[in-house]
Amino acid sequence: MILLKNLPKVELHLHLDGSVRESTASEILGVDVSNKMQVNNCKSLSDYLSKFEIPLIVMQSKENLERISYELAVDLKKDNVIYAEIRFCPILHTKNGLSLEEVVDSVLKGLKKAEIKTNLILCMMRNFEEDENKKIIYLAKKYLNKGVVGIDLAGDESKYKTQNYERLFDLVKQNNIPFTIHAGEADDYNSVLSAIKFGTKRIGHGVKSVDSIETIQKIINENVTLEVCPTSNVDTCIVNVYKNHPIKKLYDLGVKITVNTDNNTVSNIDLTGEYEKLLLTFNFTEKDFLNFNMNAIDSAFLTNEEKEELKKIVINSYNCKENI
């Protein structure tokens with residue numbers, strides 16, 4: 001029996017605004033919002049995204065941002081997550097007058113209060129004007145290796161095609177900022193091919209690549225890692241039922257897979273819960289979970305020294321380490 005709760009875990013794809021405690025939002029708003037921030041029988045991606053409305057209301061002050069970040073870090077530590085890269089879009093939290101720097105500083109302050117290793121990934125948004133996204137790039141550059149380790153492109157992928165953001169990622173590369181890209185989630189495998197063309201070595205979701213053997217081969221040849229979020233993919237209707245998720249097929253074909261939650265609160269899941277589903281549905285072994293975490297460490301936006309430290313923790317905690 002694998003004690004999944006006890007396994008050290010690494011999370012690379014986790015949205016801050018999708019992981020706000022319902023109890024915290026209720027306390028801040030002075031009204032009970034229980035079950036209003038979680039999906040239940042979600043009918044579409046837009047239905048899923050509507051669950052972010054309450055978090056974005058409460059995440060507009062330095063105090064709230066610090067508190068919410070700290071609480072997420074505490075929740076991760078309870079789940080035996082030893083490293084997490086948490087992503088969010090700072091511009092979305094400036095509606096009440098906070099500067100971009102105040103937003104990032106507040107989130108970093110909250111994370112630093114918890115006894116867990118974390119870093120931030122700043123999200124550009126597909127529906128933003130180019131100048132707004134450039135602000136995110138320069139902000140990431142300013143805080144690079146000071147709590148921020150990378151940049152991402154998020155938003156409605158089917159409406160705003162990945163191929164249209166080449167100029168932004170040229171700027172990202174000019175500033176030597178590590179990056180990942182949401183692709184192959186709401187749009188097809190061509191989105192993944194565009195992301196790889198930009199030079200990314202990490203792709204958020206990427207599950208639609210299963211529809212193209214050419215794309216799968218490209219992912220493998222280019223040493224690209226997928227940040228897979230199975231429960232979220234079911235919640236957003238990308239996959240109809242959990243047992244039909246392509247994670248096992250992609251993994252068996254040789255794609256580097258990492259397992260992530262995407263949004264702890266919205267999808268009502270933590271990594272232990274995700275591992276339990278994967279174990280019951282696909283019969284993944286302890287060695288597979290070790291591989292997922294080693295892949296996550298290898299593709300994390302960290303120094304080699306930091307990666308080696310995490311690997312020691314992970315390897316020493318798995319019974320199957322002699323097979324590595």
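I take a residue as buried under 20% relative accessible area, as exposed over 50%, and as partly exposed in between. I apply these classes below to a predicted model.

**Entry 1. Two asparagines with positive phi**

I looked up Asn223 against these limits. Asn223 has a relative accessible area of 42%, so I record this residue as partly exposed. Its place is the loop that runs between α9 (213-221) and β7 (225-228). I note a phi near 55° for Asn223, which is a positive value in a residue other than glycine.

I then turned to Asn268. This residue lies in the loop that joins β8 (256-259) to α12 (271-282). Is Asn268 buried or exposed? I find a relative accessibility of 53%, and because the limit for exposed is over 50%, Asn268 counts as exposed.

**Entry 2. The open sheet**

I traced an open sheet of four strands and wrote down its order as β5-β6-β7-β8, with parallel pairing. Which strands are at the edges? They are β5 (181-183) and β8, each of which pairs on one side only. Direction ignored, neighbouring strands of this sheet are turned against each other by 35° on average.

Strand β6 (residues 202-205) pairs with β7 in the parallel sense, over three bridges. For Gly204, I identified the bridge partner in β7 as Glu227. I also followed helix α8 (residues 189-198), which packs on the sheet and touches β5 and β6. The direction of α8 makes about 155° with that of β5.

**Entry 3. Leu278**

I located Leu278 in helix α12. Its relative accessibility is 0%, so I list Leu278 as buried. What is Leu278 in contact with, leaving aside its neighbours within four places in sequence? I recorded Pro230, Tyr242, Ile247, Val259, Asn283, Phe284 and Phe289. For one of these, Pro230, I also took the C-alpha separation from Leu278, which is 8.6 Å, with the two residues 48 residues apart along the chain.

**Entry 4. The largest pocket**

I computed the volume of the largest pocket as about 650 Å³. How many residues line the largest pocket? I count 31, of which Asp17, Leu49, Phe52, Met125 and Gly155 lie nearest its centre. By class, this lining has 14 nonpolar, nine polar and eight charged residues.

I next asked which elements contribute. At least two lining residues come from each of α2 (45-49), α3 (53-58) and β3 (117-125). Helix α2 gives the most, with three residues.

**Entry 5. The cavity**

Rolling a probe the size of a water molecule over the atoms shows where empty space is left. I found one cavity of 30 Å³ or more in the structure. The largest cavity has a volume of about 30 Å³. Which residues line the largest cavity? I listed Glu11, Asp75, Leu76, Asp79, Val81, Thr261, Asn264, Asp270 and Leu271. I sorted this lining into three nonpolar, two polar and four charged residues.

How values were computed: Residues are numbered from 1 along each chain as its sequence is written. This is a predicted model: local features need pLDDT of at least 70, side-chain atom pairs count only at pLDDT 80 or more; totals for chains, interfaces and linings use all residues. Side-chain values use heavy atoms; hydrogens and water are left out. On a 1 Å grid over the protein atoms alone, a cavity is a set of points where a 1.4 Å probe fits but cannot get out, and a pocket is an open set with protein on both sides within 12 Å along at least five of seven lines; lining residues have an atom within 4 Å of a point. Grid points are joined across faces, edges and corners, and a volume is the space filled by probe spheres set on the points. Ala, Val, Leu, Ile, Met, Phe, Trp, Tyr, Cys and Pro count as nonpolar, Asp, Glu, Lys and Arg as charged, and the others, Gly among them, as polar. Buried means under 20% relative accessible area, exposed over 50%, partly exposed in between (1.4 Å probe, protein chains only). Two strands pair if DSSP finds at least two bridges between them. Axes are lines fitted to C-alpha atoms, for helices over the stretch in contact, and angles run from 0 to 180 degrees between N-to-C directions. Contact means heavy atoms within 4.5 Å.
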